Amino acid sequence: MRRVTLTQYLIEQQRQYGKVSPELRLLIEVIARACKAISHTVSKGPLAGIGDAVGLDNVQGEAQKKLDVIANEVLVEANEWGGQLAAMVSEEMAEPYQIPNRYPKGEFLLLYDPLDGSSNLDVNISVGTIFSVLRCPTNCSDFDYKAFLQPGARQVAAGFAVYGSATILVLTVGNGVVGFTLDREMGSFVLTDERIVIPDDTQEFAINASNARNWHPPVKRYIDECLAGKSGPRDKDFNMRWVASMVADVYRILCRGGVFLYPKDAKHKEGRLRLMYEANPMAFIVEQAGGAATDGRQRILDLQPTALHQRVGVVLGSKNEVERVTRYHAEG
Ligand code: AHG
Ligand code: MN
Ligand code: MN
(Lines give C-alpha, C1' and ligand atoms only; values in the text may rest on other atoms or scores of the structure.)
(Ligands and ions follow the chains in the order given, each with its own letter.)
Protein backbone atom coordinates (compact mmCIF):
# COMPACT_ATOMS: atom_id res chain seq x y z
CA MET A 1 0.00 0.00 0.00
CA ARG A 2 1.30 3.44 -0.92
CA ARG A 3 1.89 5.57 2.16
CA VAL A 4 0.98 9.21 1.56
CA THR A 5 2.56 11.66 3.95
CA LEU A 6 1.25 15.12 4.80
CA THR A 7 3.85 16.69 2.50
CA GLN A 8 2.87 14.45 -0.41
CA TYR A 9 -0.81 15.19 0.16
CA LEU A 10 -0.19 18.94 0.13
CA ILE A 11 1.96 18.79 -3.02
CA GLU A 12 -0.70 16.72 -4.78
CA GLN A 13 -3.41 19.21 -3.74
CA GLN A 14 -1.37 21.91 -5.45
CA ARG A 15 -0.69 19.87 -8.59
CA GLN A 16 -4.28 18.73 -9.06
CA TYR A 17 -6.33 21.64 -7.77
CA GLY A 18 -3.96 24.60 -7.27
CA LYS A 19 -5.16 24.65 -3.64
CA VAL A 20 -1.90 24.79 -1.68
CA SER A 21 0.82 27.25 -2.62
CA PRO A 22 4.36 26.39 -1.47
CA GLU A 23 4.02 29.08 1.25
CA LEU A 24 0.78 27.58 2.56
CA ARG A 25 2.30 24.10 2.43
CA LEU A 26 5.27 25.23 4.45
CA LEU A 27 2.99 26.86 7.00
CA ILE A 28 0.86 23.71 7.42
CA GLU A 29 4.00 21.55 7.67
CA VAL A 30 5.42 23.78 10.39
CA ILE A 31 2.14 23.66 12.34
CA ALA A 32 2.14 19.87 12.01
CA ARG A 33 5.72 19.73 13.28
CA ALA A 34 4.74 21.81 16.30
CA CYS A 35 1.84 19.42 16.93
CA LYS A 36 4.32 16.52 16.94
CA ALA A 37 6.36 18.28 19.61
CA ILE A 38 3.24 18.96 21.70
CA SER A 39 2.10 15.36 21.24
CA HIS A 40 5.48 14.17 22.51
CA THR A 41 5.20 16.31 25.65
CA VAL A 42 1.56 15.37 26.31
CA SER A 43 2.46 11.68 26.10
CA LYS A 44 4.92 12.06 28.98
CA GLY A 45 1.93 12.72 31.28
CA PRO A 46 2.81 13.30 34.93
CA LEU A 47 6.52 12.79 34.09
CA ALA A 48 6.40 16.20 32.39
CA GLY A 49 4.07 17.68 35.01
CA ILE A 50 1.63 18.39 32.20
CA GLY A 51 -1.43 18.97 34.35
CA ASP A 52 0.27 21.42 36.70
CA ALA A 53 -1.17 24.90 37.03
CA VAL A 54 1.11 27.90 36.47
CA GLY A 55 -0.79 30.11 38.90
CA LEU A 56 -1.81 32.64 36.22
CA ASP A 57 -5.04 33.35 34.34
CA ASN A 58 -5.17 33.76 30.57
CA VAL A 59 -7.12 36.49 28.75
CA GLN A 60 -10.32 34.45 29.22
CA GLY A 61 -9.86 34.50 33.00
CA GLU A 62 -9.16 30.76 32.96
CA ALA A 63 -6.37 29.20 35.00
CA GLN A 64 -3.46 28.37 32.71
CA LYS A 65 -1.90 24.95 32.89
CA LYS A 66 1.79 24.45 32.35
CA LEU A 67 1.14 22.77 29.03
CA ASP A 68 -1.16 25.58 27.80
CA VAL A 69 1.88 27.82 28.09
CA ILE A 70 4.36 25.31 26.66
CA ALA A 71 2.14 24.46 23.68
CA ASN A 72 1.66 28.15 22.96
CA GLU A 73 5.43 28.73 23.02
CA VAL A 74 6.06 25.73 20.77
CA LEU A 75 3.65 27.16 18.17
CA VAL A 76 5.07 30.68 18.37
CA GLU A 77 8.68 29.53 18.09
CA ALA A 78 7.91 27.14 15.23
CA ASN A 79 5.98 29.70 13.21
CA GLU A 80 7.60 33.08 13.77
CA TRP A 81 10.73 32.75 11.62
CA GLY A 82 9.63 30.95 8.44
CA GLY A 83 8.36 33.99 6.55
CA GLN A 84 4.80 32.75 5.91
CA LEU A 85 3.00 34.79 8.57
CA ALA A 86 2.15 38.41 9.26
CA ALA A 87 0.85 37.73 12.79
CA MET A 88 -0.70 35.13 15.08
CA VAL A 89 -3.57 35.06 17.55
CA SER A 90 -3.67 32.50 20.34
CA GLU A 91 -6.11 31.70 23.12
CA GLU A 92 -3.18 32.08 25.49
CA MET A 93 -2.06 35.57 24.35
CA ALA A 94 -4.19 38.65 25.01
CA GLU A 95 -2.79 40.58 22.04
CA PRO A 96 -1.92 39.42 18.52
CA TYR A 97 1.67 38.27 18.21
CA GLN A 98 3.43 40.24 15.50
CA ILE A 99 6.29 38.66 13.64
CA PRO A 100 9.51 40.23 14.99
CA ASN A 101 11.22 42.63 12.57
CA ARG A 102 14.28 40.40 12.28
CA TYR A 103 12.18 37.87 10.32
CA PRO A 104 10.46 38.30 6.96
CA LYS A 105 6.68 38.66 7.00
CA GLY A 106 4.30 36.61 4.90
CA GLU A 107 0.77 36.78 3.59
CA PHE A 108 -0.98 34.54 6.14
CA LEU A 109 -2.52 34.98 9.57
CA LEU A 110 -2.54 32.06 12.00
CA LEU A 111 -5.09 31.67 14.80
CA TYR A 112 -4.93 28.81 17.26
CA ASP A 113 -5.98 27.17 20.48
CA PRO A 114 -2.65 25.61 21.51
CA LEU A 115 -4.18 23.13 23.95
CA ASP A 116 -7.87 22.39 23.71
CA GLY A 117 -9.50 20.48 26.55
CA SER A 118 -6.80 21.33 29.05
CA SER A 119 -9.07 20.47 32.01
CA ASN A 120 -8.53 16.87 30.84
CA LEU A 121 -4.73 17.02 31.02
CA ASP A 122 -4.33 15.73 34.55
CA VAL A 123 -6.75 12.82 33.99
CA ASN A 124 -5.13 11.31 30.87
CA ILE A 125 -8.04 12.12 28.54
CA SER A 126 -7.47 13.34 24.97
CA VAL A 127 -6.55 16.96 24.39
CA GLY A 128 -5.60 18.71 21.15
CA THR A 129 -4.56 21.75 19.14
CA ILE A 130 -6.92 23.70 16.84
CA PHE A 131 -5.80 26.09 14.10
CA SER A 132 -7.21 28.40 11.46
CA VAL A 133 -5.39 30.13 8.58
CA LEU A 134 -6.58 33.40 7.00
CA ARG A 135 -5.03 35.52 4.30
CA CYS A 136 -3.90 39.01 5.24
CA PRO A 137 -6.49 41.16 3.46
CA THR A 138 -4.33 44.24 2.96
CA ASN A 139 -0.68 45.14 3.12
CA CYS A 140 0.79 42.67 5.61
CA SER A 141 3.81 44.77 6.49
CA ASP A 142 1.50 47.52 7.78
CA PHE A 143 -0.24 45.10 10.12
CA ASP A 144 -3.42 46.01 11.99
CA TYR A 145 -5.24 43.55 14.31
CA LYS A 146 -8.47 44.24 12.38
CA ALA A 147 -6.95 42.11 9.61
CA PHE A 148 -7.97 39.10 11.72
CA LEU A 149 -11.63 40.08 11.90
CA GLN A 150 -12.73 38.14 8.82
CA PRO A 151 -15.69 35.77 8.64
CA GLY A 152 -14.72 32.10 8.89
CA ALA A 153 -15.84 31.54 5.30
CA ARG A 154 -12.58 33.21 4.27
CA GLN A 155 -10.36 30.60 5.95
CA VAL A 156 -7.85 29.09 3.53
CA ALA A 157 -7.06 26.13 5.78
CA ALA A 158 -8.10 24.77 9.16
CA GLY A 159 -7.26 21.72 11.18
CA PHE A 160 -6.80 20.14 14.53
CA ALA A 161 -4.64 17.53 16.19
CA VAL A 162 -6.02 15.13 18.78
CA TYR A 163 -3.50 13.72 21.23
CA GLY A 164 -5.34 10.51 22.04
CA SER A 165 -4.36 6.86 22.02
CA ALA A 166 -3.01 7.83 18.60
CA THR A 167 -2.12 11.35 17.50
CA ILE A 168 -4.40 12.29 14.61
CA LEU A 169 -4.24 15.40 12.45
CA VAL A 170 -7.44 16.46 10.69
CA LEU A 171 -7.07 18.99 7.89
CA THR A 172 -9.04 20.91 5.29
CA VAL A 173 -7.68 23.23 2.62
CA GLY A 174 -11.21 23.75 1.28
CA ASN A 175 -11.27 20.54 -0.74
CA GLY A 176 -12.85 18.03 1.66
CA VAL A 177 -11.43 16.77 4.93
CA VAL A 178 -8.60 14.30 5.42
CA GLY A 179 -7.09 12.60 8.45
CA PHE A 180 -3.44 11.71 9.14
CA THR A 181 -2.06 9.48 11.88
CA LEU A 182 1.32 10.18 13.44
CA ASP A 183 3.78 7.37 12.75
CA ARG A 184 6.02 7.86 15.77
CA GLU A 185 8.87 5.70 14.48
CA MET A 186 9.05 7.57 11.17
CA GLY A 187 8.12 10.92 12.68
CA SER A 188 5.64 11.63 9.90
CA PHE A 189 1.91 12.15 9.55
CA VAL A 190 0.52 9.43 7.27
CA LEU A 191 -2.78 9.79 5.41
CA THR A 192 -5.18 7.33 7.03
CA ASP A 193 -8.54 8.81 5.99
CA GLU A 194 -8.64 10.33 2.53
CA ARG A 195 -12.23 11.51 2.61
CA ILE A 196 -13.98 12.14 5.91
CA VAL A 197 -17.76 12.42 5.53
CA ILE A 198 -20.22 13.02 8.37
CA PRO A 199 -23.47 11.05 8.05
CA ASP A 200 -26.52 13.34 7.70
CA ASP A 201 -28.39 11.56 10.50
CA THR A 202 -27.32 10.45 13.95
CA GLN A 203 -28.56 9.03 17.22
CA GLU A 204 -25.81 10.57 19.34
CA PHE A 205 -25.61 14.01 20.90
CA ALA A 206 -22.92 15.81 22.91
CA ILE A 207 -23.73 18.53 25.40
CA ASN A 208 -22.66 19.44 28.92
CA ALA A 209 -25.88 18.48 30.72
CA SER A 210 -24.81 20.26 33.91
CA ASN A 211 -25.86 23.49 32.14
CA ALA A 212 -29.43 22.21 31.62
CA ARG A 213 -31.05 24.64 34.07
CA ASN A 214 -29.55 27.53 32.09
CA TRP A 215 -30.52 26.36 28.58
CA HIS A 216 -32.76 28.48 26.40
CA PRO A 217 -36.11 26.87 25.38
CA PRO A 218 -35.08 25.70 21.85
CA VAL A 219 -32.10 23.76 23.26
CA LYS A 220 -34.18 22.32 26.08
CA ARG A 221 -36.84 21.23 23.58
CA TYR A 222 -34.25 19.54 21.34
CA ILE A 223 -32.52 17.66 24.18
CA ASP A 224 -35.82 16.69 25.85
CA GLU A 225 -36.94 15.15 22.56
CA CYS A 226 -33.66 13.22 22.25
CA LEU A 227 -33.99 11.98 25.82
CA ALA A 228 -37.60 10.89 25.24
CA GLY A 229 -36.17 8.39 22.73
CA LYS A 230 -38.41 5.86 21.07
CA SER A 231 -41.47 6.88 23.02
CA GLY A 232 -41.04 10.57 22.12
CA PRO A 233 -41.57 12.60 18.93
CA ARG A 234 -38.21 11.47 17.45
CA ASP A 235 -39.27 7.85 17.58
CA LYS A 236 -35.70 6.62 18.16
CA ASP A 237 -33.36 6.25 21.10
CA PHE A 238 -30.34 8.55 21.41
CA ASN A 239 -27.01 8.01 23.09
CA MET A 240 -24.99 10.77 24.76
CA ARG A 241 -21.23 11.51 24.83
CA TRP A 242 -19.31 14.45 26.33
CA VAL A 243 -15.53 14.31 26.46
CA ALA A 244 -15.11 18.01 27.37
CA SER A 245 -12.33 18.24 24.79
CA MET A 246 -13.90 19.71 21.67
CA VAL A 247 -11.20 18.10 19.53
CA ALA A 248 -12.19 14.64 20.74
CA ASP A 249 -15.94 15.28 20.48
CA VAL A 250 -15.59 16.68 16.94
CA TYR A 251 -13.27 13.86 15.87
CA ARG A 252 -15.85 11.33 17.02
CA ILE A 253 -18.52 13.18 15.00
CA LEU A 254 -16.26 13.16 11.92
CA CYS A 255 -15.84 9.39 12.35
CA ARG A 256 -19.43 8.29 12.99
CA GLY A 257 -21.75 11.31 13.04
CA GLY A 258 -23.38 13.09 15.94
CA VAL A 259 -24.28 16.57 17.03
CA PHE A 260 -22.22 18.77 19.37
CA LEU A 261 -23.82 21.66 21.24
CA TYR A 262 -22.23 24.35 23.38
CA PRO A 263 -25.04 26.88 23.04
CA LYS A 264 -25.44 30.30 24.56
CA ASP A 265 -27.38 29.95 27.80
CA ALA A 266 -28.39 32.05 30.80
CA LYS A 267 -24.88 31.65 32.27
CA HIS A 268 -22.77 31.65 29.10
CA LYS A 269 -24.57 34.62 27.56
CA GLU A 270 -22.27 34.85 24.54
CA GLY A 271 -21.50 31.13 24.48
CA ARG A 272 -18.51 29.29 25.91
CA LEU A 273 -16.30 28.55 22.92
CA ARG A 274 -14.19 31.10 21.04
CA LEU A 275 -15.23 32.05 17.52
CA MET A 276 -11.87 32.71 15.89
CA TYR A 277 -9.83 29.68 16.93
CA GLU A 278 -12.37 27.08 18.06
CA ALA A 279 -15.75 27.56 16.33
CA ASN A 280 -14.55 28.84 12.92
CA PRO A 281 -11.95 26.16 12.19
CA MET A 282 -14.27 23.41 13.44
CA ALA A 283 -17.18 24.82 11.41
CA PHE A 284 -15.01 24.90 8.26
CA ILE A 285 -13.92 21.29 8.82
CA VAL A 286 -17.44 20.07 9.61
CA GLU A 287 -18.95 21.78 6.54
CA GLN A 288 -16.18 20.42 4.34
CA ALA A 289 -17.08 16.96 5.66
CA GLY A 290 -20.72 17.44 4.65
CA GLY A 291 -22.02 18.51 8.06
CA ALA A 292 -23.37 21.86 9.25
CA ALA A 293 -22.44 24.41 11.91
CA THR A 294 -24.54 27.28 13.29
CA ASP A 295 -24.66 29.41 16.41
CA GLY A 296 -28.27 28.22 16.79
CA ARG A 297 -29.54 30.77 14.29
CA GLN A 298 -26.88 31.65 11.75
CA ARG A 299 -24.16 29.80 9.89
CA ILE A 300 -20.99 30.20 11.98
CA LEU A 301 -18.81 30.81 8.91
CA ASP A 302 -20.92 33.87 7.98
CA LEU A 303 -20.54 35.64 11.33
CA GLN A 304 -18.62 38.90 11.18
CA PRO A 305 -16.17 38.85 14.11
CA THR A 306 -15.88 41.98 16.22
CA ALA A 307 -13.21 40.89 18.72
CA LEU A 308 -10.27 38.48 18.62
CA HIS A 309 -11.34 36.46 21.65
CA GLN A 310 -15.11 36.68 21.25
CA ARG A 311 -17.26 33.74 22.26
CA VAL A 312 -20.08 32.18 20.31
CA GLY A 313 -22.80 29.55 20.66
CA VAL A 314 -21.95 26.37 18.73
CA VAL A 315 -24.17 23.67 17.22
CA LEU A 316 -22.34 21.44 14.76
CA GLY A 317 -22.28 17.99 13.25
CA SER A 318 -24.73 15.83 11.31
CA LYS A 319 -26.64 18.09 8.96
CA ASN A 320 -30.22 17.07 9.72
CA GLU A 321 -29.75 17.46 13.49
CA VAL A 322 -28.05 20.85 13.18
CA GLU A 323 -30.86 22.00 10.87
CA ARG A 324 -33.43 20.80 13.41
CA VAL A 325 -31.79 22.68 16.32
CA THR A 326 -31.53 25.79 14.14
CA ARG A 327 -35.20 25.48 13.13
CA TYR A 328 -36.23 25.19 16.80
CA HIS A 329 -34.42 28.49 17.46
CA ALA A 330 -36.21 30.16 14.54
CA GLU A 331 -39.56 28.89 15.87
CA GLY A 332 -38.71 30.54 19.22
P1 AHG B 1 -9.94 25.00 26.46
O2 AHG B 1 -9.32 23.87 27.19
O3 AHG B 1 -9.14 25.43 25.25
O4 AHG B 1 -10.34 26.18 27.32
O5 AHG B 1 -11.30 24.48 25.76
C6 AHG B 1 -12.21 23.68 26.47
C7 AHG B 1 -13.51 23.76 25.75
C8 AHG B 1 -13.80 22.63 24.79
O9 AHG B 1 -12.73 21.85 24.43
C10 AHG B 1 -14.84 21.79 25.47
O11 AHG B 1 -15.79 21.35 24.57
C12 AHG B 1 -15.43 22.69 26.49
O13 AHG B 1 -14.53 23.75 26.71
C14 AHG B 1 -15.69 21.96 27.78
O15 AHG B 1 -16.46 22.74 28.57
P16 AHG B 1 -17.03 22.24 29.99
O17 AHG B 1 -15.89 22.36 30.94
O18 AHG B 1 -18.16 23.19 30.26
O19 AHG B 1 -17.50 20.83 29.81
MN1 MN C 1 -10.32 25.13 23.55
MN1 MN D 1 -7.04 25.97 25.08
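1. A pocket, as the word is used here, is an open set of points on a 1 Å grid over the protein atoms alone, with protein on both sides within 12 Å along at least five of seven lines. In this predicted model, the space taken by ligand 1 is the largest pocket.

2. Which elements give two or more residues to the shell around ligand 1? They are β5 (108–116), β13 (259–262) and β14 (273–274). The largest share, three residues, comes from β5.

3. The shell draws on both parts of the chain: domain 1 (6–193) and domain 2 (204–331) each give residues to it, so ligand 1 lies between the two domains.

4. In total, 18 residues surround ligand 1. The closest of these are D116, G117, S118, M246 and Y262. Sorted by class, the shell has seven nonpolar, seven charged and four polar residues.

5. As for cover, ligand 1 taken alone exposes 470 Å², and the protein buries 87% of that.

6. Two backbone angles should be noted. Most residues other than glycine have a negative phi. D235 is not a glycine, yet its phi is positive, at about 60°. Its place is in the loop between α4 (217–228) and β12 (239–240).

7. A244 is the other case: this residue, also not a glycine, has a positive phi of about 75°. A244 lies in the loop that runs between β12 and α5 (246–256).

Conventions:
Residues numbered from 1 in each chain as written. Chains lettered and ligands numbered in written order. Predicted model: local features only at pLDDT ≥ 70, side-chain atom pairs only at ≥ 80, totals over all residues. Heavy atoms only, no water. Near = heavy atom within 4 Å. Areas by Shrake-Rupley, 256 points an atom, 1.4 Å probe, with all protein chains shown as cover. 1 Å grid on protein atoms, 1.4 Å probe; cavity = no way out; pocket = protein on both sides within 12 Å on 5 of 7 lines; lining within 4 Å. Sits in = over half its atoms within 2 Å of the grid points. Helix = DSSP H or I, 4+ residues; strand = E, 2+ residues; numbered from the N terminus. Nonpolar A, V, L, I, M, F, W, Y, C, P; charged D, E, K, R; others polar. Domains from an automatic or database assignment.
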